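Me: I have a protein structure open on my screen and would like to learn how to read it. Could you go through it with me?

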Amino acid sequence: MKIEPSEKLASLPPYAFAEIGKKVEELRALGVHPIDFGVGDPSEPTPDFVIQSLADGGKKHASSGYPSYIGSRRYREAAAGYMRRRFGVSLDPEREICATVGSKEAVFNLPEGFINPGDFVICPSPGYPPMKTGTVFAGGVPFFVPLLAENDFLIDYESIPESVANRAKILWLNYPNSPTGAIAGREYYKGLVEWAHRNEILIAADEGCYIDIYFDEPPPSILEVSREGIIAFYSLSKRNNMTGYRVGFVCGDERVIDVFKSLKTNIDSGVPDFVQEAAISALADEEHVENMRRLYRDKRDILLPALREAGLETSASDATFYLWQKVYGDDVEFAKKLLDPSIAIVVTPGSLISDTCDGGLNPGKGYVRFALMPSLEEVREAAKRLRALRGRP
Ligand SMILES: Cc1ncc(COP(=O)(O)O)c(C=O)c1O
């Protein structure tokens, strides 16, 4: 028999990093250990007290059983407590919050709840891939809008053609932004929300992944401005070094959350209860988050001057653990150059994590992304090697 993937799956572009991946493998084969700024997966351990809550949770829920689809009442209350403390936003844990198995599944699945074939979904470029792949699988059409330095990497919603706005059901937002590190302010959100309400477009704000990783002012939540027609996505993956735990939550307009809940009961069976116990203690603590912020700041402050000395034009990222670095020449070529055995630094070429927008522009061209994952010691070593780039062809 013939085994074939679906047309939708086959329509997705092939793995873009094959060429870079091959070069990294070649380096390893030569016995060179590259310093890896490629993948945004925290290398620091989950805090001990969180691991303890996980273990206690395992005993407490010894008889296992399926967890609640929407999260335990205690977990949703912990999420509500966090939102109140951090943003001054009061949410009803019963109606306005739902647990998720991390943000990725929630982002990918959301369009299934709202999109009919041919509806447009406005997606930022560069952007988090499940925004577009989830749209495609739901039968929708992604419309990519560029994040450009001249707009402070904010979506220029006024420039979206009326013909697109009329057919769009969802607009995806991601601030603090991966990979540009940009923050959206309350004034920007006010204008955007007004535009979205006028056009009857639901705002899906994937804001909670990096919202506690900032360097100066804490970034606001869009829910401080409005909750009508808005769903916000939160994840403990990066805030609490818990990528492997798979836990987060969505919150916002209860009508949107309601659709999300009924979609979810068809897809997964909820976050394991012992993981929710760990998440409850993680959400309540700020000290370890402050320590994490300090560590990323230290790494950023070592790398930025080295990039400048390498002759690159730098702009300090405001938040997230990414640096969106403008390079000279082609970004893929630049990334390959850093894989020379004498440098051995892995970065992600911007054009490979961006989609071509209306008019043929790929806004990631000419940028590379540094994820501040290597240890402080490795970052210092990388800085030394980057400085040596100056003047090299
Ligand atoms: C912008 C953005 N949103 C959401 C996520 C997903 O986080 P998780 O599925 O681990 O909760 C990521 C992970 O890298 C991300 O970069």
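Reply: Let's begin with residue classes: Ala, Val, Leu, Ile, Met, Phe, Trp, Tyr, Cys and Pro count as nonpolar, Asp, Glu, Lys and Arg as charged, and the others, Gly among them, as polar. In this structure, the shell around the ligand holds two nonpolar, nine polar and two charged residues. Please note that this is a predicted model, where local features need pLDDT of at least 70, side-chain atom pairs count only at pLDDT 80 or more, and totals for chains, interfaces and linings use all residues. Numbering starts from 1 along each chain, as its sequence is written.

Me: How many residues surround the ligand, and which are the closest?

Reply: A residue is near a molecule if its C-beta atom, placed from the backbone, lies within 6 Å of it. Here 13 residues surround the ligand, and Gly102, Ser103, Lys104, Ser235 and Ser237 are the closest.

Me: How many helices and strands are there in the chain?

Reply: Both are DSSP runs numbered from the N terminus: helices are H or I with at least four residues, strands are E with at least two. The chain has 14 helices and twelve strands.

Me: What radius of gyration does the chain have?

Reply: This radius is taken over C-alpha atoms, and the globule rule is 2.2 Å times the number of residues to the power 0.38. For 393 residues, a compact globule would come near 21 Å, and the chain agrees because its value is 21 Å. Along the principal axes, its C-alpha atoms fill a box of roughly 60 × 60 × 55 Å.

Me: Which domains does the assignment give?

Reply: Domain bounds come from an automatic or database domain assignment. For this chain they are domain 1 (7-45 + 288-387) and domain 2 (63-285).

Me: Which residues have the most contacts inside the largest nonpolar core?

Reply: A residue is buried if 20 or more other C-beta atoms lie within 10 Å of its own, exposed if 12 or fewer, and partly exposed in between. A nonpolar core is a set of buried Ala, Val, Leu, Ile, Met, Phe, Trp, Tyr and Cys residues joined through C-beta atoms within 7 Å. The largest one has 113 residues, with Ala79, Ile122, Ile203, Ala232, Val250 and Cys251 making the most contacts inside it. Its largest share, seven residues, comes from helix 11 (residues 273-284).
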